[in-house]
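Subject: Structure handover and findings

Dear colleague,

Please find below the structure I promised to pass on to you.

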Number of protein chains: 4
Amino acid sequence: MKFYLGCLLRYTINTPSTLVFNIHVVNSNYQRISHEKLNLQPGVKFEEYIAPVSGNRYVRVNAPVGTLEVNYEATVELSDFSADPNTIPEVTIADLPMETLQYLYPSRYCQSDRLMGLVQSEFGELEPGYSRVSAICDWIYNKVTYISGSSNSETSAYDTAMQRTGVCRDFAHLGVAFCRALNIPARFVSAYAYGLNPPDFHACFEAYLGDRWYLFDATRLVPLNSIIRIGKGLDAADVAFATLFGSVQMAEMKLFVEPSQVEQLDKASTEAMAIAIS
Amino acid sequence: MKFYLGCLLRYTINTPSTLVFNIHVVNSNYQRISHEKLNLQPGVKFEEYIAPVSGNRYVRVNAPVGTLEVNYEATVELSDFSADPNTIPEVTIADLPMETLQYLYPSRYCQSDRLMGLVQSEFGELEPGYSRVSAICDWIYNKVTYISGSSNSETSAYDTAMQRTGVCRDFAHLGVAFCRALNIPARFVSAYAYGLNPPDFHACFEAYLGDRWYLFDATRLVPLNSIIRIGKGLDAADVAFATLFGSVQMAEMKLFVEPSQVEQLDKASTEAMAIAIS
Amino acid sequence: MKFYLGCLLRYTINTPSTLVFNIHVVNSNYQRISHEKLNLQPGVKFEEYIAPVSGNRYVRVNAPVGTLEVNYEATVELSDFSADPNTIPEVTIADLPMETLQYLYPSRYCQSDRLMGLVQSEFGELEPGYSRVSAICDWIYNKVTYISGSSNSETSAYDTAMQRTGVCRDFAHLGVAFCRALNIPARFVSAYAYGLNPPDFHACFEAYLGDRWYLFDATRLVPLNSIIRIGKGLDAADVAFATLFGSVQMAEMKLFVEPSQVEQLDKASTEAMAIAIS
Amino acid sequence: MKFYLGCLLRYTINTPSTLVFNIHVVNSNYQRISHEKLNLQPGVKFEEYIAPVSGNRYVRVNAPVGTLEVNYEATVELSDFSADPNTIPEVTIADLPMETLQYLYPSRYCQSDRLMGLVQSEFGELEPGYSRVSAICDWIYNKVTYISGSSNSETSAYDTAMQRTGVCRDFAHLGVAFCRALNIPARFVSAYAYGLNPPDFHACFEAYLGDRWYLFDATRLVPLNSIIRIGKGLDAADVAFATLFGSVQMAEMKLFVEPSQVEQLDKASTEAMAIAIS
């Protein structure tokens, strides 16, 4: 699948401010960028940083007072790996690649240590494997209501487990936290997503199963194979699409994601197949 | 049913201290005291206070350095009201007696306002009535594990909903908080209980349904008709069996509860009948 | 001092709803009502309830779909007791009237048990007495910023101690919680206040010192002798001016408080004198 | 300074378990290992992992039922950089190296986002620079009491700011969180420390100031130049000295740190000089 995507972000800058963006898609074996463009108005200098290991791409902009407009677009080809969910096991701590261990530990928005009781009670006796992470997504989908504006930047998985409302970010935090509480490495993924209505930045999560990171989306808002990754991290703290230092207001945000040629996107496939894009 | 019950509490007093006890059973239409004795060693003076409205009985003791031993015993006759659970409705806010309204509001250990999301998701669509409070007790019984020492004096219903472990006090707080979040007045009850093993102070709760307060015990440790009330309140903060001001350690605690004559206590009956003892 | 005061509350009722108001001033030795009027439009029936012990006055209204307008006015004469702050001691637990003990325990919004560490660190070594409660008010006044809309119905003293922003309700909760953590009985007071700009319901608190309840207001927005009490309770949960059950929106709220004749209100006096109005 | 240090850890393994250790000192320009030995009894295989970027060294051991004994020792030479505190400024977000930005964001135990209010109120108006981080350490040292066993694995900076008790880990979390809330990059450091009594793993923190990471220790238990780093990370979740998966109990823990030759360790120097060891 090939996608043409991008975003327009416009900010009102009241005092000289610094903005850090994580809006560039990752370039990887599973996700190849064939064209990409970043445009800033006014044409201030910016600095790009590619995080080692994750490959997340951050851009820092020092903006003068006035309006800052950020335009990003890219054409990306996804070639995801897919597998039969029934064949994908959980991995014991003894056998996990050591670089995945850090994704077992609690983080700001995914306090898995404080969710052990709930997780053992709800999922502890389920058969281990891909199906258990699917059961986690079902639980979230059934028990948490997606309501725009129902959470804020302080809302964590712990809160969402109680409040039972949230947005994609909260659904993803809950999935990550539940997996970690079962000793399944899990991480947060920010993304563009084709089919999201209204278009917006999306969030989902990955769990390490079998021999790789598999993608999960408890919101069920889009098929897994229409998710184009921006960043991955412990939780949303690592991959906010914009972090603002200074007196800054967002004035406008627009996203678009479209297939770059006519292709079939079959929603049903997400149910049947496990997808990995890392 | 007639019970002979009591407790022995022994404390090591390191500095002159004040202790407030709530160990006396309540004297009411449903619970008649025929004999009662309180003995303090050393024979310090004490002050008794019967709270207006609740009828809870508090004793304040100013203890000198050394050992304080408190011996309490009473003979009590219960004549509980029982009814067919299927006939007991929830009451609308419009029709509730106004003195029950205070039991709709959140308290220290029963933060019903913060549990609305969970409660709506888990119980919001159940048929209103006695059966819904029973469903709450089932949920607690099935999802929370009774483990001695798993909670402390700061543990609230909010915590227990997450940790899924607790003792009778935590089970009661959860029941109270869940009911309030459904606009059912609910209050905490401390009690002696026949059949508890090992003997200990017990906690359960009451919900206002139909035209009175019905008793519920999510621990299912004893039949409802073997519970002899000490105090009722918003939560455990109101009816701690002992509140210690000073440098005091508990050295010993013993309780006993026995039928004062041979009678039948049928566990099955608690399932079938709704009981009110207020 | 004599005040003429009142409020107009207008609600949009979307479904038949129940509203419970606590807007009537208390009638007591220190606060005598000489004239009072409550008007509801439409002229639905209402039920008044005077809580035993506290004397708080609640009104329950079952409102049909449409608009509900509540008009309340009263003329009240305050004859507060005042004393030299330097002569007012803290009272040991051993000597407190037993009916004040309940105000030592933590409540939903005043979790004094969880604030012990902070309170010991900040106030533990201050000289006991009226001056220590004044020091608490100074701390709150200096460290917490009054910002309209900075808190919500879930905000507790624990939160405010951290967030350092709030409104009068939060300032009062913090004062109550800090006092209780020092074993000083304290309770929440809702009130009309002369001089508040813009006019609004006010909140402050009382601490039991010497032989009575003294009034404190950490917001320092008005002189203590221009506060006319509505309700007192463990915290705001007990004395919300309006509790809404149903689909209801507030459409308008207006308050007025004026001296019923020309009198001197001297702000400086609040600094110099301790005031009791219970 | 040259140190000879090490630890003995003994565990009772009840079921086959996996243990992940972070007890090896880091090898860097500032901290050179001249000799090192790890011994496991029984002689099970283990896997070592050096985290990219941080250089933290983790060892994973799959232990059979029985006893596991871990012996580690090393000789390390510190050659810390020191500078005059008065010359060390804070760095604006615009000028920070981009790899330090991740240490501005909240983490599990350092929820800087939730501490903004307290931090602005307590430190917001202090002169920026090394001296402001020193003021943070003073605050922690003066307001938090070091009490062994007063915190647990769930205790976060948010909790400690309230409870005002903790151990070195909690002091470090608080320092990290406070710095981040002021937009100063900060990270957690686990370490061996010469002079700690009783010997134990130590924790302190680093803040990015001027052109490097400077070390701070709010416990003031040892001089800064006697701290030998093990790991650095967002918080303790990244660098636990042992993470246990399975049914495992610690049976014994011993540490030793000694100067490998006679040298002067001057406590006073820590006050006067800023030290960097990264």
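In chain A, one aromatic cluster is formed by Phe81(A), Tyr130(A), Phe205(A), Tyr214(A) and Phe216(A). Please keep in mind throughout that this is a predicted model. Over all chains, the structure holds 68 aromatic pairs. One of them is the pair of Tyr103(A) and Trp213(A), which is edge-to-face, with 5.3 Å from centre to centre and 85° between the planes. Tyr103(A) sits in the loop between strand S7 (81–83) and helix H1 (116–123) of chain A, while Trp213(A) belongs to strand S12 (residues 212–216) of chain A, so the pair ties together parts that lie 110 residues apart in sequence. Tyr103(A) and Trp213(A) are both buried.

Turning to charged side chains, a search of the whole structure finds 56 salt bridges over all chains. Within chain B, Arg132(B) forms one with Glu90(B), and the closest N and O atoms are 2.9 Å apart. This pair, too, links distant parts of the chain, since Arg132(B) is in helix H2 (residues 130–143) of chain B and Glu90(B) is in the loop between strand S7 (81–83) and helix H1 (116–123) of chain B, 42 residues apart. Arg132(B) has a relative accessibility of 8% and therefore counts as buried. In chain A, a network of salt bridges links Arg10(A), Glu252(A) and Lys254(A).

The contact between chain C and chain B takes 34 residues from chain C and 34 residues from chain B. Between them the two chains bury about 2,800 Å², of which 63% is on carbon and sulfur atoms. On the side of chain C, the residues that lose the most area to chain B are Arg60(C), Met98(C) and Arg108(C), which together account for 25% of what that side buries.

As for polar interactions across this interface, the rule finds four salt bridges between chain C and chain B, and the count of residue pairs in polar contact, both at pLDDT 80 or more, is six. On the side of chain C that touches chain B, the elements giving two or more residues are strand S2 (17–21), strand S4 (46–50), strand S5 (57–63) and strand S14 (242–245) of chain C. The largest share, four residues, comes from S5(C), and the residues of this side divide into 18 nonpolar, seven polar and nine charged.

Among the salt bridges between these chains, Arg114(C) meets Glu154(B) at 3.9 Å, N to O, and Glu154(C) meets Arg114(B) at 3.9 Å, N to O. In the latter pair, Glu154(C) lies in the loop between strand S8 (145–146) and H3 of chain C and Arg114(B) in the loop between S7 and H1 of chain B, so the pair joins two chains. Glu154(C) is partly exposed, with a relative accessible area of 34%, and Arg114(B), at 29% relative accessibility, also counts as partly exposed.

Chain C also meets chain D, where the side chains of Glu122(C) and Lys143(D) form a salt bridge (2.7 Å, N to O). Glu122(C) is in helix H1 of chain C and Lys143(D) in helix H2 of chain D, so this pair likewise joins two chains. With a relative accessible area of 16%, Glu122(C) is buried, and the buried residues of H1(C) also include Gly117(C), Leu118(C), Val119(C) and Phe123(C). The cover over them includes helix H2 (130–143), helix H3 (157–163) and helix H4 (168–181) of chain C, together with helix H2 (130–143) and helix H3 (157–163) of chain D.

With best regards

Conventions
Residues are numbered from 1 along each chain as its sequence is written. Chains are lettered from A and ligands numbered from 1 in the order in which they are written. This is a predicted model: local features need pLDDT of at least 70, side-chain atom pairs count only at pLDDT 80 or more; totals for chains, interfaces and linings use all residues. Side-chain values use heavy atoms; hydrogens and water are left out. Contact means heavy atoms within 4.5 Å. Buried area is the accessible area (1.4 Å probe) that two parts lose on being put together, summed over both. A polar contact is a pair of N or O atoms within 3.5 Å; within protein, one must be able to donate a hydrogen and the other to accept it, and residues adjacent in sequence count only if both atoms are side-chain atoms. Ala, Val, Leu, Ile, Met, Phe, Trp, Tyr, Cys and Pro count as nonpolar, Asp, Glu, Lys and Arg as charged, and the others, Gly among them, as polar. Buried means under 20% relative accessible area, exposed over 50%, partly exposed in between (1.4 Å probe, protein chains only). Rings of Phe, Tyr and Trp (its six-membered ring) pair if their centres lie within 6.5 Å; planes under 30 degrees apart count as stacked, over 60 as edge-to-face and the rest as tilted.
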